[in-house]
Amino acid sequence: MTDKTKRFPLSLSSLSEKAPRNGARSEPHRNASGKTATPQTATLNASRHAAGPSVRTISSSAASQGQTAPSHKAATHAPAAGNRSTPLVSDAIRKAMTARVAKQGVKDSKVLAAMEAVPRHLFMEPALASQAYIDASLPIGYHQTISQPYIVARMIEVMRNNSVGGVLNRVLEIGTGCGYQAAVLSLVAKEVYSIERIKGLHELAKTNLRPMRVANIRLHYGDGMLGLPQAAPFDGIILAAAGMEVPQALLEQMTIGGRLVAPVGDRHQVLQLIERVSKFEWKSSTLEDCHFVPLRPGTVT
Ligand code: SAH
């Protein structure tokens, strides 16, 4: 367990009791035809993977100790009924989810620890919280989805595999959605910037993250295709939505040695890694098939 993951500031007692949100409408996500072998579409895989090899664990209740709520308090304050698991139950389910992600090939222990620390179910509307830990992307409203656990972990692992031992000072995420991946990123990077183009989702992410008191995340409402020049350069950039190509502005906002991970394509998408080799040189490689919602220009109020 690293210092950083230990400090993840989750006040679970208050989070578990928060009222249902109005912002997120539940809308079905249209998956691709199911042709790709990628786990991003692997709703069907959910039951196939038993808990895999164990990984280092960080219970979210333990993680909350640095804040106001001691671990036993988190359990006591959890709602007795409803779809949200108690923190202790969700700790166990999240541990199984992380083991499954490890079994699917993610090896970076810091990423696995972060996946285990972030209470994914608290980023979903209550009606879907019971499905939060299955191996699938799920609707968060506005025709968008929270990314599948495996792909979240995989992209961060790839971004961290840099020449400085995984140190990430400043990272940028395009497509905040409900804020889940930003929360995971906050455990592996010093500063996280995240941009969302849909106002309602930007607000939803703020609502989700505020009670967690994550000090190193900055949320921006705007067109992520333009990047965030005022905060650049970034030594890691992750796109959570797929375009036909990676926007030039984002390439320009990478540090030398920086790594950008993005889904690219339309119906058939691949995960692409772009490394900035020098001021004028970028190296691109294709990793695996994936399936993401589209990257779109402009903003939605
Ligand atoms: N990171 C989220 C995934 C959200 S889905 C998670 O943790 O699960 C992808 C998001 O990208 C959607 O919310 C969508 O609105 C957003 N998006 C698409 N194009 C964008 C753009 N140009 N700028 C910012 N966000 C964009």
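Guide: A residue is near a molecule if one of its heavy atoms lies within 4 Å of it. Of the 26 residues around this ligand, Ser 147, Glu 173, Glu 196, Gly 224 and Arg 296 come nearest. This is a predicted model, where local features need pLDDT of at least 70, side-chain atom pairs count only at pLDDT 80 or more, and totals for chains, interfaces and linings use all residues. Residues are numbered from 1 along each chain as its sequence is written, and side-chain values use heavy atoms, with hydrogens and water left out.

Visitor: Which residues have an N or O atom 2.8 Å from a nitrogen atom of the ligand?

Guide: A polar contact is a pair of N or O atoms within 3.5 Å. The side chain of Glu 173 supplies one such atom, 2.8 Å from a ligand nitrogen. Gly 175 has a backbone N or O atom 2.8 Å from a nitrogen atom of the ligand.

Visitor: How much of the ligand's accessible area does the protein cover?

Guide: Accessible areas come from the Shrake-Rupley method with a 1.4 Å probe. Of the 580 Å² that the ligand has on its own, the protein covers 99%.

Visitor: How is the shell around the ligand divided by class?

Guide: Ala, Val, Leu, Ile, Met, Phe, Trp, Tyr, Cys and Pro count as nonpolar, Asp, Glu, Lys and Arg as charged, and the others, Gly among them, as polar. The shell here has 12 nonpolar, 9 polar and 5 charged residues.

Note on methods
A polar contact is a pair of N or O atoms within 3.5 Å; within protein, one must be able to donate a hydrogen and the other to accept it, and residues adjacent in sequence count only if both atoms are side-chain atoms.
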